[in-house]
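Please read these notes with the structure open.

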Amino acid sequence: MDEHKITNNAQAVRTMQAIISNVEKVIVGKRYAVSLVMATLACRGHVLIEDVPGVGKTSLVAALARSVSGSFKRIQFTPDIMPSDITGYSAFSPKTGEFEYRAGAVMSQFVLADEINRTSPKTQSSLLEVMEENTVTVDGQTYDVPKPFIVLATQNPVEYLGTYALPEAQLDRFFMKITLGYPDDKEESKMLDRFKGRNPLAALQAVAEGEDIIRIQELVEEIHVDESINNFIVNIARYTRAQEDVQLGASPRASLCLYKAAQAWALYNGREYVIPDDVIQMAPHVLEHRILMKQEAAIKKIRVPDIIAGALKEATGAVL
């Protein structure tokens, strides 16, 4: 193995760990969830954080943005927000006598789409292009978003009044979906002690630059993936499509995301190659929001995690 590459990989791991530890100054006891967000960022992906109110979804995103020196915009999604508020618009400039582009909130490196399911499908769809292509098109002109770029969206799974469920095409754009969950007794006590004075988010300092993230993203792409791992991923995806209780299985984009997530997880764990356990660890977070069950499955008490567990069990037997 090239010593220079080993050194770069070791530095990337230190940077990732430093960012995660910095976020943990605000988010107590959720290192695994924060690590998943870091892996998503390392893959140039976007993350959907779905959980009940008050568990720290918005704080996690804000802490991540403060940990990496870069631009940050928060979009509070409401029924009256317009697509132009997201993507920007063209306005006539009396000074130049021409129409000029006025950047929308999405023209930032870290974009928090808070309560994304509270806005209309039309406004939700304004994120489709930028999440896939990292570009925004306004009046026929295309503009690149700054790099690194990530959309971190939050939604509440228990409130349905005044919400609009994200369509499958939108969900498929999210690299991962994660949950935080309630802290345990010790973690909640530690959180109370930490927040008894000034909010630690206010004092959080950056521990990495945007260039560090871009370099990590490049190193992730160099992580070796054996052909047997390729087949492992394909078998997992094909299993989800073949089940009679599944209406919509994992898409080819899901397979690609699982491939990349496994590379990022291997790098994070200090390896230059992917092992089956990397795929197994990432599969639930990459696949769960992409699989749609038939209505009859609820009667049989078959859920998406059951399908993923079955896919992993069958595919693992084939790869070993």
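1. Thr-240 is buried, with a relative accessible area of 0%. Buried means under 20% relative accessible area, exposed over 50%, and partly exposed in between, using a 1.4 Å probe and protein chains only. Thr-240 sits in helix 10 (residues 227-242). Helices (H or I, at least four residues) and strands (E, at least two) are DSSP runs, numbered from the N terminus. Leaving aside neighbours within four places in sequence, Thr-240 is in contact with Val-246, Gly-249, Ala-250, Ile-291, Ile-307 and Ala-311. Contact means heavy atoms within 4.5 Å. Leu-287 is 47 residues from Thr-240 along the chain, and their C-alpha atoms are separated by 9.4 Å.

2. A word on the basis. This is a predicted model, where local features need pLDDT of at least 70 and side-chain atom pairs count only at pLDDT 80 or more, while totals for chains, interfaces and linings use all residues. Residues are numbered from 1 along each chain as its sequence is written, and side-chain values use heavy atoms, with hydrogens and water left out.

3. The largest nonpolar core has 77 residues. Such a core is a set of buried Ala, Val, Leu, Ile, Met, Phe, Trp, Tyr and Cys residues joined through side-chain atoms within 4.5 Å. Met-176, Ile-236, Leu-258, Val-279 and Leu-287 have the most contacts inside it. Helix 11 (residues 252-268) gives the largest share, 10 residues. A second, separate core has 24 residues, including Ile-81, Ile-86, Tyr-101 and Met-131.

4. What does Ile-236 touch, leaving aside its neighbours within four places in sequence? Its contacts are Leu-258, Val-279, Leu-287, Ala-311, Leu-312 and Ala-315.

5. Strand 9 (residues 150-155) is mostly covered, with six of its six residues buried. Ile-150, Leu-152 and Thr-154 lie on one side, and Val-151, Ala-153 and Gln-155 on the other. Strand 1 runs parallel to strand 9, joined by four bridges. Two strands pair if DSSP finds at least two bridges between them. Glu-50 stands opposite Gln-155 of strand 9. Strand 6 also pairs with strand 9 in the parallel sense, over four bridges. There, Leu-112 has Leu-152 as its bridge partner.

6. Asp-114 belongs to strand 6 (residues 110-114). Is Asp-114 buried or exposed? Asp-114 is buried, at a relative accessible area of 5%. Leaving aside neighbours within four places in sequence, its contacts are Thr-58, Arg-74, Ile-75, Gln-76, Phe-77 and Thr-154.

7. Strand 4 (residues 88-93) and strand 5 (residues 98-103) run antiparallel, joined by six bridges. Phe-92 has Phe-99 of strand 5 as its bridge partner. Four residues lie between the strands of this hairpin, and Gly-97 takes a positive phi near 75°.

8. The largest pocket holds about 620 Å³ of space. On a 1 Å grid over the protein atoms alone, a pocket is an open set of points where a 1.4 Å probe fits, with protein on both sides within 12 Å along at least five of seven lines; lining residues have an atom within 4 Å of a point. The lining has 27 residues, and Glu-50, Leu-166, Leu-171, Lys-177 and His-289 lie nearest the centre. Helix 7 gives the most to the lining, with three residues.

Note on methods. Points joined across faces, edges and corners; volume = space filled by probe spheres on them.
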